Amino acid sequence: LVDESTITIQLTPVAGPVVHYVVEIADNKVTIGSETGVINCHYTIYGERKDVDKLIIERDQSTY
């Protein structure tokens with residue numbers, strides 16, 4: 001149900017500064033890596049549903 005082109009991922013390392021990165025997003029799976037080879041992070045994944053219309057946000061023009 002997720003449009004794969006809209007997926008964003010937040011990776012936060014645990015217990016020290018280590019670079020973590022997304023290797024691949026495919027088949028409902030996210031593969032991550034790190035510069036040390038040890039994966040130790042928290043993650044948050046966002047994506048838009050593809051079975052509904054996109055949400056269009058309109059600003060209140062009177063405040064600008």
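This is a predicted model: local features need pLDDT of at least 70, side-chain atom pairs count only at pLDDT 80 or more; totals for chains, interfaces and linings use all residues.
Next I turned to the overall form. I found a radius of gyration of 17 Å for the chain, whereas a compact globule of 64 residues would have one near 11 Å. Along the principal axes, I noted that the C-alpha atoms fill a box of roughly 50 × 30 × 15 Å.

For the secondary structure I wrote down 0 helices and 4 strands, so that, by the DSSP runs used here, the order from the N terminus reads β-β-β-β. I also looked at contacts between residues at least 6 apart in sequence, and 48% of these join residues at least 24 apart.

Then I looked up the surface and the charges. The accessible surface comes to about 5600 Å², and 52% of that belongs to carbon and sulfur atoms. I listed 5 positive and 10 negative side chains, with the centres of the two sets 3 Å apart.

Is glycine 16 buried, exposed or partly exposed? I put it down as partly exposed because its relative accessible area is 33%, a value that falls between the cut-offs of 20% and 50%. I also noted that the C-alpha atoms of glycine 16 and cysteine 41 are separated by 9.9 Å, while the two residues are 25 apart along the chain.

Conventions:
Residues are numbered from 1 along each chain as its sequence is written. Side-chain values use heavy atoms; hydrogens and water are left out. Helices (H or I, at least four residues) and strands (E, at least two) are DSSP runs, numbered from the N terminus. The radius of gyration is taken over C-alpha atoms; the globule rule is 2.2 Å times the number of residues to the power 0.38. Contact means heavy atoms within 4.5 Å. Accessible areas come from the Shrake-Rupley method with a 1.4 Å probe; for residues, only the protein chains shown count as cover. Lys and Arg count as positive and Asp and Glu as negative; His and the chain ends are not counted. The place of a charge is taken as NZ of Lys, CZ of Arg, CG of Asp or CD of Glu. Buried means under 20% relative accessible area, exposed over 50%, partly exposed in between (1.4 Å probe, protein chains only).
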